[in-house]
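Dear colleague,

Please find below the structure that I am handing over to you.

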Amino acid sequence: MRNKELWFQVRLLSHKLREDHSISDGGVVCVSIPAQTSTLQLKYQVYRQLNLVHIVDEEKVVFKLRDPSGALIPLSNQLESNDSSRPFILEVVDIHQHISFDLVEATDWQTPDIDRTENLTSQIGSLNDRVEDLEHRMDDLSEDYADKLAEELQFLSNQTADLKKLMVDNKDE
């Protein structure tokens with residue numbers, strides 16, 4: 001069985017652990033894991049190889065794993081192998097710690113602005129297409145609704161006329 005090679009970059013954002021020099025902050029580290037490793041074993045191996053085991057049990061910090069684009073992802077055995085140029089980012093933060101924008105900006109995410117701009121542009125285009133489609137559907141629905149309403153009004157008008165005629169006929173008898 002082949003091992004998975006997972007590359008991580010630790011971002012030590014915890015105020016409590018800033019002085020802990022046993023934890024590497026910012027460096028990219030490869031963690032080699034057997035392919036059939038459970039999620040619990042994977043977590044332990046990652047923490048051990050990144051020298052984070054001694055702070056896991058303290059319950060005073062939170063580990064947040066991000067993919068290279070910055071999205072939060074679960075640390076599980078479902079992670080796919082990656083390479084050192086696009087490592088997972090493991091943030092170590094205090095419980096309920098507020099990360100200021102300046103601090104996040106200082107971490108210098110490795111996401112190319114061009115890709116984000118293209119992605120946002122395509123999403124906006126997709127949303128515009130969907131809005132236009134809904135507007136066309138609304139026009140069709142309003143026309144269909146108006147036609148159906150006219151039919152029902154005509155039906156009710158005919159029913160009313162028939163009832164009036166029956167009433168007049170019953171009075172005459």
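Two strands are said to pair if DSSP finds at least two bridges between them. Helices (H or I, at least four residues) and strands (E, at least two) are DSSP runs, numbered from the N terminus. This is a predicted model, in which local features need pLDDT of at least 70 and side-chain atom pairs count only at pLDDT 80 or more, while totals for chains, interfaces and linings use all residues. Residues are numbered from 1 along each chain as its sequence is written, and side-chain values use heavy atoms, with hydrogens and water left out.

Five strands form an open sheet of mixed pairing, in the order 2-1-5-3-4. Strand 2 and strand 4 (72–73) stand at the edges with a single partner strand each, so one side of each has no neighbour in the sheet.

Strand 1 and strand 2 pair in the antiparallel sense over seven bridges. Leucine 6 has valine 31 as its bridge partner in strand 2, and glutamate 5 stands opposite serine 32 in strand 2. Strand 1 and strand 5, by contrast, pair in the parallel sense over five bridges; here leucine 12 has valine 92 of strand 5 as its bridge partner.

Strand 1 is mostly covered, with seven of its ten residues buried (buried means under 20% relative accessible area, with a 1.4 Å probe and protein chains only).

The helix

Which residues of helix 1 are buried? They are Leu42, Val46 and Tyr47. These residues lie on the same side of helix 1, because they cover an arc of only 125 degrees around the axis (the arc is that of the directions from the helix axis to the C-beta atoms). Just after helix 1, asparagine 51 takes a positive phi of about 60 degrees.

The core

A nonpolar core is a set of buried Ala, Val, Leu, Ile, Met, Phe, Trp, Tyr and Cys residues joined through side-chain atoms within 4.5 Å. The largest one has 18 residues, of which Phe8, Val46 and Leu50 touch the most other members. At least two residues of this core come from each of strand 1 (3–12), strand 2 (28–34), helix 1 (39–49), strand 3 (61–66) and strand 5 (88–94). Strand 1 gives the most, with four residues.

Leaving aside neighbours within four places in sequence, valine 46 is in contact (heavy atoms within 4.5 Å) with Phe8, Val31 and Leu90.

Note on methods:
Buried < 20%, exposed > 50% of the residue type's maximum accessible area, 1.4 Å probe, protein only.
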